[in-house]
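Please examine the chain shown below together with its sequence.

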Amino acid sequence: MNFNSFIPLFDLNKQYLSIKDEVDRVLISVAKSGQFILGKEVVAFEHEFAEYQRTRHCVGTSSGTSALYLALLGIGIGFGDEVITVPNSFVATGESIVMSGAEIVFTDIDPDTYSMDPNRLEAVITKKTKAIMPVHLYGQMADMDSIIEIAEKYDLAIIEDAAQAHGAEYNGKRAGEMTTCACFSFYPTKNLGAFGDAGAIVTNDEKIAEKLRFIRDHGRNSPDHSVLQGVNERLDSIQAAVLRVKLTYLEKWNDRRRELSRLLSRYLGDVSEVTVPKERAIDTHVYHLYVIQADSRDQLTKYLREHGIGTGIHYKNPIHLQKAYAGYSDRPGRFPVTEKLSHRILTLPMYPELKKSDVTKIAESIKIFYAKKS
Ligand SMILES: *Cc1c(COP(=O)(O)O)cnc(C)c1O
């Protein structure tokens, strides 16, 4: 195998080279401006990203994690409250709830979408429940109609963890359009990625947006006066400038991810040892990650690595089985869908810069692995 043809799980350099001139120009422009925190690049990006998600407001933050945590603070959730989320997510989802002072209550996922199973939701709602935090995992939105119906019945806020779902749609609606707010990460490998940590909250609620603008900046309404107890979780100008450039490509990039993903699903459709991602009729899936279920997953991982294909597992350790969060549900077996899938899921390379021949190679390698095995 020619090592140069290695297909890594992510390839940020290829993306940079494809937009290098434009990005280099804005980096220099911010350097010359002398304005590095918030400022006009951030204001402009917030307008553009709010428009992209079809919401009225966007508040830029220092990361996706801080976006989640600030959203909780912004709607007044804290000590004594409970927030329901899923254990099959990046640890930041649970972490943000703990940081707000509230308690995490986990509920299991739907085996087809890997996201919150609304049928299990009502069973964990208590008098202390204040919000539901569904995660639009891998770029596919959770079952929002059912989740919204339950939230309305119990008068709960919905904070969407949309860190993997920029531009994703459910029945034509984007994250933030239908709920209290949606939180995004612009971590470099996300569909819209900065050159470092960055995040944002989008909402149609003007009061929440206004409060979040204060909280992210020490709660200040002027340089010398804090009207609220806040934090320092602002978005940097340089990140906003990079994000503005990349946002103009995002629809095209998401279309390409979808095209390549459907091609890969078609190639893998007849491999009985593999389950490909399921798109529902209401989905505009943006394939942040292309995740299959695979028999003999760990052997397949090793085989693919030896044959020039990088893979990942999202997520290997469900949040409730990690030491720091064990208190929120100690015993394995409590979230059987999440736990069973954690041994079968495998993330394959998927990004707009992949070539169709890369997709063919990935599919062929998987087929050869199973053919040799049987
Ligand atoms: C990336 C991610 C986060 C955290 O975002 P950061 O920008 O890394 O802080 C939260 N939730 C999910 C589902 C993510 O994928």
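The structure is a predicted model, in which local features need pLDDT of at least 70, side-chain atom pairs count only at pLDDT 80 or more, and totals for chains, interfaces and linings use all residues. Residues are numbered from 1 along each chain as its sequence is written, and side-chain values use heavy atoms, with hydrogens and water left out.

**Overall form**

- Twelve helices and 15 strands are found in the chain; helices (H or I, at least four residues) and strands (E, at least two) are DSSP runs, numbered from the N terminus.
- The chain is as compact as a globular protein of 374 residues, because its radius of gyration is 21 Å and the globule rule gives 21 Å for that length. The radius is taken over C-alpha atoms, and the rule is 2.2 Å times the number of residues to the power 0.38.
- Along the principal axes, the C-alpha atoms fill a box of roughly 70 × 55 × 35 Å.
- Of the contacts in the chain with a separation of 6 or more, 72% are between residues 24 or more positions apart; a contact means heavy atoms within 4.5 Å.

**Surface and charge**

- Of the 374 residues in the chain, 57% are buried. Buried means under 20% relative accessible area, exposed over 50%, and partly exposed in between (1.4 Å probe, protein chains only).
- The chain exposes about 16200 Å², and carbon and sulfur atoms supply 50% of that area. Accessible areas come from the Shrake-Rupley method with a 1.4 Å probe, and for residues only the protein chains shown count as cover.

**Cysteines**

- The count of disulfides is zero, where a disulfide is a pair of cysteine sulfur atoms within 2.5 Å.
- For cysteine 58, the closest cysteine sulfur belongs to cysteine 183 and is 10 Å away, which is too far for a bond. Cysteine 58 is buried, at 2% relative accessibility.
- Cysteine 183 is in no disulfide, and the nearest cysteine sulfur to its own is that of cysteine 181, 4.8 Å away. Cysteine 183 is also buried, with a relative accessible area of 1%.

**Helix α5**

- Helix α5 spans residues 91-100 and is mostly covered, with seven of its ten residues buried. Val91, Ala92, Thr93, Gly94, Ser96, Ile97 and Ser100 are the buried residues.
- The cover over these buried residues includes α4 (64-74), β2 (82-85), β3 (103-106) and β5 (157-161).

- Serine 261 lies in helix α9, residues 250-268, and counts as buried at 0% relative accessibility. Beyond its neighbours within four places in sequence, serine 261 is in contact with Tyr287, Tyr290 and Met350.
- Leucine 263 is in helix α9 and is buried, at 12% relative accessibility. Leucine 263 touches Lys356 and Val359, when residues up to four places away in sequence are not counted.
- The C-alpha atoms of leucine 263 and valine 359 are separated by 7.6 Å, although the two residues are 96 residues apart along the chain.

**Loops and backbone geometry**

- Tyrosine 287, in the loop between β13 (283-284) and β14 (290-294), has a positive phi near 40° in a residue other than glycine. Tyrosine 287 is buried, with a relative accessible area of 1%.
- Aspartate 155, in the loop between α6 (144-154) and β5, likewise has a positive phi, near 55°. Aspartate 155 is exposed, with a relative accessible area of 70%.
- Histidine 314 and tyrosine 315 are joined by a cis peptide bond with omega of about 15°; tyrosine 315 is in the loop between α10 (297-306) and α11 (336-342).
- Arginine 234, in the loop between β11 (225-226) and α8 (237-247), is buried, with a relative accessible area of 16%. Its contacts beyond four places in sequence include Ile37, Thr61, Asp217 and His218.
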